[in-house]
Amino acid sequence: MQNFDYHNPTHIVFGQGRIADLGKLVPADAKVLILVGGSSAEKTGTLAEVRQALGARSHATFSGIEPNPSFETSMQAVQQVKDGHFDFLLAVGGGSVIDAVKFIAAAALFEGSDAWSILQKHGSNITQALPFGTVLTLPATGSEMNSGGVITRRSIGAKLAFGSPHCYPVFSVLDPTKTYTLPPKQLANGVVDAFVHTIEQYLTYPVNAPLQDRFAEGILQTLIEIGPRLLADAEPNYDDRANLVWAATLALNGLIGAGVPQDWSTHMVGHELTALHGIDHARTLAIVLPSMLHERRAQKQAKLLQYGERVWGITSGTADERVDEAIARTRAFFESMGIPTRLGAYDLGADAIAAVVKQLEAHGMTRLGEQREVTLEVSRRVLEGAL
């Protein structure tokens, strides 16, 4: 096991009816800006619950944070924070809203001349941030219990990740019933997003960290078990929704990644597909991952064999055959969730690959992966393998 530091200060408030606890979680004298995406939080009544729980606290609402949140919209929120002298932010939504609020919290107190540099430097220049909490309505990214995010600057087609110890939520309210109104597409995206987050930290190379491995395998097995039921059930099942919410949170709260190598090359390539073509984040991961695993099967063989045996029960055949089957099972799982795994499903062909590689180069993503062997040429081959 590798050396590591692990600290996660986020207070998790889990279960049905826990939005009412905002009255105890938010400081009594706080001036609160609630931030949401579209109209769903209003339509489902979640926003009314939040406002009621805040009681007599002064509060206002900023709406319009997009899926794959933009720098441009986030800066509008920063201006509202400054103009209104808000001192506590509350994200009500999924990972996109929470990612945006992390950036807004940092940008509102940023002392530099251009907040874009926060993203250019991936958050290394963040020295402070406003306190914020979250009310999760879409389980997928794990952003409710980590310190990172991803923001897109639409004017230049750049999608960049950032992170800082200053950007952990103070608390996150996780009420599984808030997922009941989600359409099947968003549930499927959430399952695949959490699945690939886990893979990025697990499917690298062995470092004798069996506890982290088994945590990760448990998350993967849970997602495989509940994923099809989430799409098939005529009525929401509380236990399955609760397990999805918690699995997605645990997939990226730092626990399974402590003391082990991490990859993230699939994410970096996927980000460029989203920035250029607007494909949902989880769907870009489903496109890239099977091809990435095939391309790097030699470097990842030991963990691919372990993954095949422990997660999919693959115990017979040669090493190459077992690796092939593990990758095929992964692709089939994504497809069974209604998520295509080929670029062609999004009307993208070989002529789209050069632009993605060019963007990777422009953003310094020239040596990715746990061993930094994913060069631009490897990324090109991965995309060609995903046609």
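Let me begin with Trp 264, which is found in the loop between α9 and α10, where helices are DSSP runs of H or I with at least four residues and strands are runs of E with at least two, numbered from the N terminus. What we have here is a predicted model, in which local features need pLDDT of at least 70 and side-chain atom pairs count only at pLDDT 80 or more, while totals for chains, interfaces and linings use all residues. Residues are numbered from 1 along each chain as its sequence is written, and side-chain values use heavy atoms, with hydrogens and water left out.

Phi of Trp 264 is near 75 degrees, a positive value in a residue other than glycine. Trp 264 has a relative accessible area of 19% and is buried, on a scale where buried means under 20%, exposed over 50% and partly exposed in between, with a 1.4 Å probe and protein chains only.

On to helix α10, residues 265–277. How far apart are its end C-alpha atoms? They are 18 Å apart, which agrees with the 18 Å that 13 residues should span at 1.5 Å a residue, the expected span being 1.5 Å times one less than the number of residues. Of the 13 residues of α10, 10 are buried, so this helix is largely enclosed by the rest of the structure; among them are Ser 265, His 267, Met 268, His 271 and Glu 272. The elements that cover these buried residues include β6 (148–153), β7 (158–163), α7 (184–202) and α11 (281–295), contact meaning heavy atoms within 4.5 Å. Just after α10, Gly 278 takes a positive phi of about 70 degrees.

Now to two helix pairs, with axes taken as lines fitted to C-alpha atoms over the stretch in contact, and angles running from 0 to 180 degrees between N-to-C directions. The axes of α7 and helix α13 (residues 319–336) come within 10 Å and cross at roughly 155 degrees. That makes α7 roughly antiparallel to α13, since angles under 35 degrees count as roughly parallel, over 145 as roughly antiparallel, 65 to 115 as roughly perpendicular and the rest as oblique. In this contact Val 191, Val 192, Phe 195 and Val 196 of α7 meet Thr 330, Phe 333 and Phe 334 of α13.

Helix α8 (residues 210–232) and helix α12 (residues 301–312) also have axes that come within 10 Å, and these cross at roughly 50 degrees. That makes α8 oblique to α12. The contact involves, among others, Asp 213, Arg 214 and Leu 220 of α8, and Lys 303, Tyr 307 and Trp 312 of α12.

Tyr 6, in the segment before β1, is partly exposed at a relative accessible area of 38% and touches Asn 253, Gly 254 and Leu 255, not counting residues up to four places away in sequence. Asp 347, in the loop between α13 and α14, has a positive phi of about 60 degrees although it is not a glycine, and at 73% relative accessibility Asp 347 counts as exposed.
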